[in-house]
Amino acid sequence: MFAIKDDLKGEYNNMIRNMIVEDYDCITEFMNSLHKLHVDARSDMYIDVDSVYDRNTFLEMLSDKDVISIVYEEKGVVIGICFASVKYKSGMVDMKTAYIDAVVVREEYRNNGIAKKLMNEVEKRARELGVKRIDLMVWSFNKNAINLYESLKMNEQRVIFEKLL
């Protein structure tokens, strides 16, 4: 866990921790903002929804040993989240892989290294689980995310082309 002790208050100010049930409303806000980014950029593929995860789906993810679900918290406020799913077989070479489902930081806190801290924590936890590779998918319109992943020394794995008819 990443933490910085606040000498003035004797409390932890910033930390990465596991998500908990009480985070549901906050996580829903993050996931809905990520979904809205996709809806705004690709309304031909994404539809507007009231909520990306219902409570039961969220609770299942929290209890799933193969899902890494963490938050970055500052002074008791969640300002970043990350979900990663551990997959055991990919349909190709059998290799334990962590798939980043989502990484989101509140807009006003972006470009402060929080997403990197979350991704580094996922990598650490994934290694502890015996994962050999981390995969993710990013839309070409999401330049900020692409820059983040490149700064983490991630490599482009494949390219998907499309032609709208």
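Author: Begin with the aromatic rings: Tyr 46, Trp 139 and Phe 141 form one aromatic cluster. This is a predicted model, in which local features need pLDDT of at least 70, side-chain atom pairs count only at pLDDT 80 or more, and totals for chains, interfaces and linings use all residues. Residues are numbered from 1 along each chain as its sequence is written, and side-chain values use heavy atoms, with hydrogens and water left out.

Reader: How many aromatic pairs does the structure hold?

Author: A pair of aromatic rings is described by the distance of the centres and the angle of the planes. Rings of Phe, Tyr and Trp (its six-membered ring) pair if their centres lie within 6.5 Å; planes under 30 degrees apart count as stacked, over 60 as edge-to-face and the rest as tilted. The structure holds four such pairs. One of them, Tyr 24 with Phe 58, is tilted, at 5.5 Å centre to centre and 55° between the planes. Tyr 24 is in helix 1 (residues 24-41) and Phe 58 in helix 2 (residues 55-63), 34 residues apart, and the pair links distant parts of the chain. Helices here are DSSP runs of H or I with at least four residues, strands are runs of E with at least two, and both are numbered from the N terminus.

Reader: Is Phe 58 buried or exposed?

Author: Buried means under 20% relative accessible area, exposed over 50%, and partly exposed in between (1.4 Å probe, protein chains only). Phe 58 is buried, at 0%, and Tyr 24 is buried too, at 13%.

Reader: Which residues of helix 4 are buried?

Author: An α-helix has 3.6 residues a turn, so residues three or four places apart point the same way. In helix 4 the buried residues are Ala 145, Leu 148 and Tyr 149. They lie on the same side of helix 4 because they cover an arc of only 95° around the axis, the arc being that of the directions from the helix axis to the C-beta atoms. The face turned away from that side carries the exposed residues Lys 143, Asn 144 and Glu 150. Strand 5 and helix 3 are among the elements that cover the buried residues.

Reader: What is Val 103 in contact with?

Author: Contact means heavy atoms within 4.5 Å. Leaving aside neighbours within four places in sequence, Val 103 is in contact with Ile 81, Cys 82, Ala 115, Leu 118, Met 119 and Tyr 149.
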